[in-house]
Amino acid sequence: MNDFVAIDVETANQNPTSICAVGAVKVTGGYISDRFYSLVHPIPNFYIRRFTEEIHGISRADTDSAPTMIQVWQELRPWIGTLPLVAHNCRFDQSCLRATLRHFGCYDLDNHTFLCTLQQARRTIPRSICASFSLPALADFLGIPFNNHHNALSDAEACAKIAMTIL
């Protein structure tokens with residue numbers, strides 16, 4: 001796949017509308033051409049659970065003055081254009097994005113194409129040679145340098161590189 005946007009969201013807690021960060025990596029002509037990252041003020045003003053803060057390092061102080069997802073989306077949507085979206089475990093990212101945007105009465109994603117590197121990896125890579133299909137394990141298996149797991153931009157970039165390899 002040569003043209004797409006890999007996207008990743010981090011959430012403040014278990015509620016799908018609690019997006020607190022979004023990262024996206026644009027691939028054009030088979031090369032990474034641009035990157036996007038923003039902290040997001042979770043809506044409604046959700047607390048950030050200590051458990052999730054320990055995972056992604058984002059605190060309420062980080063998001064209190066951040067833009068809401070609809071404000072971020074006004075910049076991100078034209079940047080994405082009509083390109084398909086790719087995520088690792090896209091069921092999670094897609095459901096969070098849709099729930100959060102619908103909270104604002106925005107239905108932009110209803111007809112947008114989503115592809116999943118997790119599903120594709122499970123279909124194409126034998127379990128006997130890749131013990132785990134988690135983002136870090138899959139990146140490692142494919143020889144893709146990856147650190148800073150649970151940073152939305154870092155995760156989106158790893159997903160983009162995996163997608164360029166297996167999609």
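Okay, quick one on terms before I start: a helix here is a DSSP run of H or I that covers at least four residues, numbered from the N terminus. With that in hand, our first stop is Q120, which sits in helix α5, residues 117–124. Keep in mind that this is a predicted model.

So, is Q120 buried or exposed? The cut-off for buried is under 20% relative accessible area, and Q120 comes in at 16%, so it counts as buried. As for what it touches, if you skip the neighbours within four places in sequence, Q120 is in contact with I166 and L167.

Next up, P67. This one is in the loop between α2 (60–63) and α3 (69–80). Its relative accessibility is 30%, so P67 is called partly exposed. Again ignoring neighbours within four places in sequence, P67 has contacts with S38, L39, V40, H41 and V72. Take H41 from that list: it is 26 residues away from P67 along the chain, yet their C-alpha atoms are separated by 5.6 Å.

Nine of its 10 residues are buried, so β2 is largely enclosed by the rest of the structure. Who are its partners? Strand β1, residues 4–11, runs antiparallel to β2, with eight bridges joining them, and I7 stands opposite A24 in β2. Strand β3, residues 31–39, is also antiparallel to β2 and joined to it by eight bridges. There, T28 faces Y31 in β3.

Methods: Residues numbered from 1 in each chain as written. Predicted model: local features only at pLDDT ≥ 70, side-chain atom pairs only at ≥ 80, totals over all residues. Heavy atoms only, no water. Helix = DSSP H or I, 4+ residues; strand = E, 2+ residues; numbered from the N terminus. Buried < 20%, exposed > 50% of the residue type's maximum accessible area, 1.4 Å probe, protein only. Contact = heavy atoms within 4.5 Å. Pairing = 2+ DSSP bridges.
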